[in-house]
Amino acid sequence: MSTETGRESQRSGALVNLMRWMENLSDTQYAYLLLVPVFVLLGVVALYPLLRTFELSLFAVSTDLTSIKFVGIDNYIGLFTGEKNRYLPGGTTFLPSSFEFTSLLNSALVITIIFAVVSVLFETLIGLGQALILDQDFYGRRWVRAAIIIPWAVPIVIQGMIFFLMFNSNVGFATPPLADLGLLAPTNTLNDTASATFIIIVADIWKTSAFMALLILAGLQSIDRGLYDVAKVAGATKWQQFKLITLPLILPTIGVAVLFRSVQAMRVYGIIDTVSSCAVVPSLSCMVVATFNTREGTSAAIAFVTAAIIGIVVMGIILWQGEDAI
C-alpha cells in the first residue's frame with residue numbers, strides 16, 4: 001500500500017513540476033510549446049517527403065529500368081545546362097535554350113512563371129474589386145455572394161471541359177472574336193502554345209477570383225466602420241478613404257491571399273491537362289508527371305527544384321509583407 005502511495009505522490013509531484021514549469025514560460029515560449037505538435041506533424045507530412053525526393057534526385061534509373069545508380073547532382077546539372085532536358089513531345093525543356101519567343105514558350109519554367117504571375121495578378125485585382133462591391137450594403141447582396149462563389153466550386157475537370165468547348169476550333173464560339181483581335185490563333189487554337197496558355201490563364205482567373213474575393217472580403221469586414229465616419233467628418237473623399245484606411249488595413253489579408261494562390265499556381269497541372277495538354281502548354285508539374293515512370297531521378301530533381309522555387313516565392317511574399325503578415 002505504501003508503495004502505491006509513493007508512486008502516486010511521485011506522479012503528482014512530476015505533474016506539479018511540469019505545471020509550474022509551464023507557468024514560468026514567457027508568452028513567446030508558451031506559444032512555441034503549443035506549436036510543437038504542428039511542427040512534428042509538418043516534419044512527418046511535409047519535410048520527410050521533401051528529403052526523400054531530394055534523395056531520389058541523386059540517383060538515376062538505367063535505360064532498361066532494371067538497376068539504379070548514384071549520380072550525385074548530375075540530374076540537376078542536366079536541368080540547368082540543357083543536357084538531355086527534352087522530356088515532352090514538342091521539345092519541351094526545363095530552361096529556355098534562347099530568348100526567342102518560341103523557345104521561351106517551350107520552357108516549363110517560363111510557362112509556369114508566366115501563368116503564376118499573370119493569373120495571380122489579375123485574380124487579386126478582380127477579387128479586390130468584387131470584395132469592395134460585396135462589402136457594400138445593397139439589396140440581394142447575399143445572392144450575389146453565392147453567385148460569385150459558383151465558379152470556385154466548379155470541379156477542375158468540368159471547368160476544363162467548359163473552356164475546351166468554348167475555344168474548340170470546330171464548335172467553340174469564343175475563338176472567332178478573339179482571333180479577330182489577334183489574341184488567339186484562328187485555327188487549331190488549343191494546339192497553339194501561346195493561344196492555349198492565354199485560354200488556361202483566363203480559365204484560372206475565372207475560377208479563382210472568387211477565392212481571392214472571399215479572403216479579401218474577410219479582411220474588409222474586420223475594419224472598424226468608425227474610421228470611415230471620422231474620415232467623412234474630416235472631409236475625406238472615397239479615394240482618400242480607400243488609400244489611407246482600406247488599403248493599408250487589408251494589405252496583410254491580400255498578402256496571405258497572394259501567398260496561397262502563388263503556391264497553388266506554381267503547381268498548375270489539372271487545368272492544363274483538361275483544356276489542352278502538357279505537350280502544348282508545359283509546366284513544372286507536367287514535367288514531373290511526364291518523367292516519373294521513365295526518369296525517376298530527373299522527375300525527383302524537377303519536383304525538388306519546384307518546391308525550392310515555391311519556398312523562395314513564399315519567403316519573398318512574407319518578407320514583403322513583414323513579420324505581421326501571417
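Which residues do ring pairs link into a cluster? Phe54, Tyr76 and Phe304 are the residues joined in this way, where rings of Phe, Tyr and Trp (its six-membered ring) pair if their centres lie within 6.5 Å, with planes under 30 degrees apart counted as stacked, over 60 as edge-to-face and the rest as tilted. This is a predicted model, in which local features need pLDDT of at least 70 and side-chain atom pairs count only at pLDDT 80 or more, while totals for chains, interfaces and linings use all residues. Residues are numbered from 1 along each chain as its sequence is written, and side-chain values use heavy atoms, with hydrogens and water left out.

The structure holds 7 aromatic pairs. One of them is the tilted pair of Phe54 and Tyr76, at 6.3 Å centre to centre and with 40° between the planes. Because Phe54 lies in helix 2 (residues 27-56) and Tyr76 in helix 3 (residues 74-81), this pair ties together parts that are 22 residues apart in sequence; helices here are DSSP runs (H or I, at least four residues), numbered from the N terminus. Phe54 is partly exposed at 34% relative accessible area, whereas Tyr76, at 12%, counts as buried, the terms meaning under 20% for buried, over 50% for exposed and in between for partly exposed (1.4 Å probe, protein chains only).

Trp152 and Phe211 also form a tilted aromatic pair, 5.4 Å centre to centre with 50° between the planes. Trp152 belongs to helix 6 and Phe211 to helix 9, so the pair ties together parts that are 59 residues apart in sequence. Trp152 is partly exposed at 37%, and Phe211 is buried at 13%.

Turning to charged side chains, the structure holds 4 salt bridges, each a side-chain nitrogen of Lys or Arg within 4 Å of a carboxyl oxygen of Asp or Glu. Glu123 forms one with Arg261, the closest N and O atoms being 2.8 Å apart, and this pair links helix 5 (residues 108-134) to helix 11 (residues 238-265), across 138 residues. Arg261 also meets Asp204 in a salt bridge of 2.8 Å, N to O, and Asp204 lies in helix 9, 57 residues apart from Arg261. Through shared partners, salt bridges join Glu123, Asp204 and Arg261 into one network. Glu123 is buried at 0% relative accessible area, Arg261 at 4% and Asp204 at 9%.

Arg225 and Asp135 meet in a salt bridge as well, at 2.9 Å, N to O. Arg225 lies in the loop between helix 9 (193-221) and helix 10 (226-233), and Asp135 in the loop between helix 5 and helix 6 (141-153), so the pair ties together parts that are 90 residues apart in sequence.

How values were computed. Helices (H or I, at least four residues) and strands (E, at least two) are DSSP runs, numbered from the N terminus.
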